[in-house]
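Open the model in your viewer and keep the sequence panel beside it. The stops below go from one selection to the next.

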Amino acid sequence: MRKLSVFILLMTPLLLFAQNPIITGQFCADPTARVFNNKVYVYPSHDIPSPVERLKDWFCMADYHVFSSDNLMDWQDHGVIITQNKVPWVQPDSYSMWAPDCVCKNGKYYFYFPSSPKGGGRGFAIGVATADRPEGPFVCEQEPIKGVSGIDPCVLVDDDGSAYLYWSGMGIRGAKLKDNMKELDGELTEMQMPARPNNNNQQGDQQRERPKMLVGGQQMEGLPDGFKEGPHAFKRGSWYYLTFPWVRVENGTETLAYAMSKSPLGPWTFKGIFMAEHPNGCWTNHHSFMEFKGQWYLFYHSNDYSPNMDKRRSTRIEKVFFNADGTIKEVKETMRGVGVRPATDKIEIDRYSEASNGVTTEYLDTTNYFRGWSVNLPNKGSWVKFADVDFGTLSDGYVVVRAKTNANTEFQVREKGANGKVIAKIQMTVKSENGPFRRDMSGQWLTLTAPLEYTPQGITDLVVTGEGVSVDWVQFKNRPKYFSPMGNTAATPDDKGFIRRWMLLDPIDKPNRSNTVFTDTYLRENFYQNYFKDQMSILPKDGQKVKAGKQTLTWHALDSDKFNVKLFRFADANKKQVYGVLFWAVTVIDCPEDIENVRLAVGSNSASMWWLNGEEVLLLSGDRRMVEDDAMSNRLTLKKGRNVLRGAVINGPGMSDFCVRFLDEKGNPVKNFTIQPQK
């Protein structure tokens with residue numbers, strides 16, 4: 001049979017990060033999940049707003065995407081694999097690419113999908129496309145499967161390699177497939193197709209007569225009365241399960257129900273429902289079961305991103321558990337979904353696992369529901385819990401939170417419970433423009449940072465508690481690496497001549513409300529003040545302590561990871577005062593010979609003073625910004641042997657750093673010396 005290659009949308013794979021729903025930015029319904037090559041692949045239908053008037057209030061689907069994940073949390077969109085106008089037997093622009101399935105047999109991937117065939121008189125048919133990889137490219141058969149008139153195909157490949165096709169049409173039907181996976185195995189029977197409504201699949205008085213057709217397979221016996229569709233069959237142990245959406249009461253919405261058998265085609269024993277109707281009233285549900293790394297999961301859909309239109313649906317996941325007799329335990333819908341979320345990812349706390357009374361969620365943007373939600377903590381004692389957060393990715397961290405409030409308030413990030421150990425406290429002050437946050441364009445949401453009071457270990461539950469605050473997301477970040485422990489061998493200047501090896505002393509308390517006071521007179525008076533013993537002659541060792549007034553300070557032997565030495569980050573990492581302080585720095589330079597006519601070039605944030613071999617050589621006064629070579633000394637000589645360079649940097653409310661190098665007469669960096677370890 002001649003085949004036609006399917007149009008493939010060329011695009012860069014998109015990585016999606018989500019809880020429930022798992023796919024953002026587009027509508028994905030009717031998810032079939034399969035495990036191929038130790039990775040989970042999801043083949044959903046793709047709801048879109050209708051471009052044609054006749055489907056504006058109905059289901060509209062033009063193509064199929066496929067998504068994959070190895071952790072059930074981060075999903076890669078592999079793009080479009082089949083589109084309606086590139087399938088030879090599909091009615092062009094019918095927008096009827098409904099629920100699909102995909103299975104693997106003998107290394108080949110078979111994708112089954114329904115649509116309206118050309119001619120328009122046969123309702124729906126089911127076609128097959130094949131590929132050598134789970135994500136395609138797929139090649140379609142020229143014709144749909146003979147003897148199948150219906151929707152929602154599902155294929156079960158049994159332990160012995162036999163394959164069975166199930167579909168929804170005149171009830172739920174099933175049939176064995178031939179080894180080629182493209183034809184029914186068995187005789188076809190001529191049957192009168194039931195009449196259907198004449199107004200776009202919605203209820204109406206006029207009915208259209210449909211002709212007799214050759215139909216294969218058999219109706220599945222033992223299922224309950226009432227509307228049923230979307231069969232999904234799977235095997236667990238010696239039991240076969242036939243699961244399906246079912247409307248159990250008149251004018252109701254769909255539940256998910258199931259039956260069990262010892263044979264792939266029944267007869268079936270009905271067992272009841274395993275997921276109740278959607279709490280929000282979404283009319284449809286459609287699902288699949290999958291086992292991954294020893295745990296069973298249910299994939300299903302709801303209309304999370306389309307609250308006012310339940311024909312635009314989104315895929316969700318929940319864990320599934322079974323009783324000892326093989327029956328399925330009831331599955332509850334959650335916002336949290338499944339998977340372990342690294343603490344360093346954005347944690348959408350509004351997708352919580354549990355919450356106290358009174359907690360609510362709301363859309364961030366009712367003109368674009370894909371932007372997601374925030375959670376409101378209204379009262380004293382309000383809390384939300386987000387389960388399974390992995391702190392193994394966090395080493396030296398802090399927390400970032402996006403939140404808003406209408407009152408001065410503090411909220412906490414805790415471990416395990418509402419009274420659990422405090423990880424961080426976030427203070428929110430209304431009308432204040434100071435503090436460690438920046439305003440979003442809305443003028444309401446704030447992005448706040450806070451240090452950690454405690455770092456959890458391993459996988460644990462994250463809890464946010466507070467009063468009168470709304471929270472969008474929480475994220476833990478590792479501090480950038482600014483310093484490394486000083487090496488044991490001599491270092492050299494970097495490629496641009498900057499000296500990165502320093503002995504740094506914990507900051508000395510030196511309150512200054514403003515940097516405007518840093519005049520030459522003020523600086524000389526304060527830099528030459530005696531703060532600790534041997535201040536101008538000490539060659540400190542790593543860990544050595546000195547007394548500065550009432551403070552006990554420690555020297556740290558460090559190599560800076562950047563050309564500019566981040567004093568603010570140094571103090572913050574050691575949990576020391578960062579504003580209104582005085583820093584001391586010492587480095588030892590060894591020269592193989594005298595190096596004459598060099599200049600010390602310095603940049604510093606705020607004011608600083610520098611001494612070479614005990615002599616003052618440079619003063620940077622005033623309220624400055626750190627700029628390379630902001631100031632340069634007179635001509636100097638680096639003498640053969642050891643040279644000691646000292647610096648003092650003072651600041652008030654700003655962030656301090658400095659950069660230092662020597663330049664020759666032509667302005668080129670001097671690099672022919674070494675910087676010795678002082679450990």
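This is a predicted model, and residues are numbered from 1 along each chain.

**Stop 1: the cysteines**

Select Cys-60 and show its side chain. Cys-60 is buried, at 0% relative accessibility. Which cysteine sulfur is closest to that of Cys-60? It belongs to Cys-28, and the separation of 14 Å is too far for a bond.

Move to Cys-104, which is partly exposed with a relative accessible area of 28%. Its closest cysteine sulfur is in Cys-102, 8.0 Å away, and this too is too far for a bond. A disulfide requires the two sulfur atoms to be within 2.5 Å. By that rule the count is 0 disulfides.

**Stop 2: Gly-174**

Next, select strand β13, residues 172–176, and pick out Gly-174 within it. Is Gly-174 buried or exposed? With a relative accessible area of 0%, Gly-174 is buried.

Show what surrounds Gly-174. Beyond the neighbours within four places in sequence, its contacts are Leu-165, Tyr-166, Trp-167, Gly-217, Gln-218, Met-220 and Leu-265.

**Stop 3**

Select residues 551–560, which form strand β42. Of its 10 residues, 8 are buried, so the strand is largely enclosed by the rest of the structure.

- β38 (residues 483–485) pairs with β42 in the antiparallel sense over 3 bridges; here Phe-483 stands opposite Ser-560.
- β39 (residues 501–505) is also antiparallel to β42, over 5 bridges, and Leu-505 faces Trp-555 across the pairing as its opposite residue.
- β41 (residues 545–548) runs antiparallel to β42 and is joined to it by 4 bridges; the bridge partner of Lys-547 is Thr-552.

Stay with β41 and β42 and look at the hairpin they form. There are 2 residues between the strands, and Gly-549 in this hairpin takes a positive phi near 65°.

**Stop 4: the nonpolar cores**

Select Trp-502, Trp-610 and Phe-662. These three touch the most other members of the largest nonpolar core, which has 37 residues. Which strand gives the most to this core? Strand β43, residues 581–591, does, with 5 residues.

Terms used:
This is a predicted model: local features need pLDDT of at least 70, side-chain atom pairs count only at pLDDT 80 or more; totals for chains, interfaces and linings use all residues. Side-chain values use heavy atoms; hydrogens and water are left out. Buried means under 20% relative accessible area, exposed over 50%, partly exposed in between (1.4 Å probe, protein chains only). Contact means heavy atoms within 4.5 Å. A nonpolar core is a set of buried Ala, Val, Leu, Ile, Met, Phe, Trp, Tyr and Cys residues joined through side-chain atoms within 4.5 Å. Two strands pair if DSSP finds at least two bridges between them.
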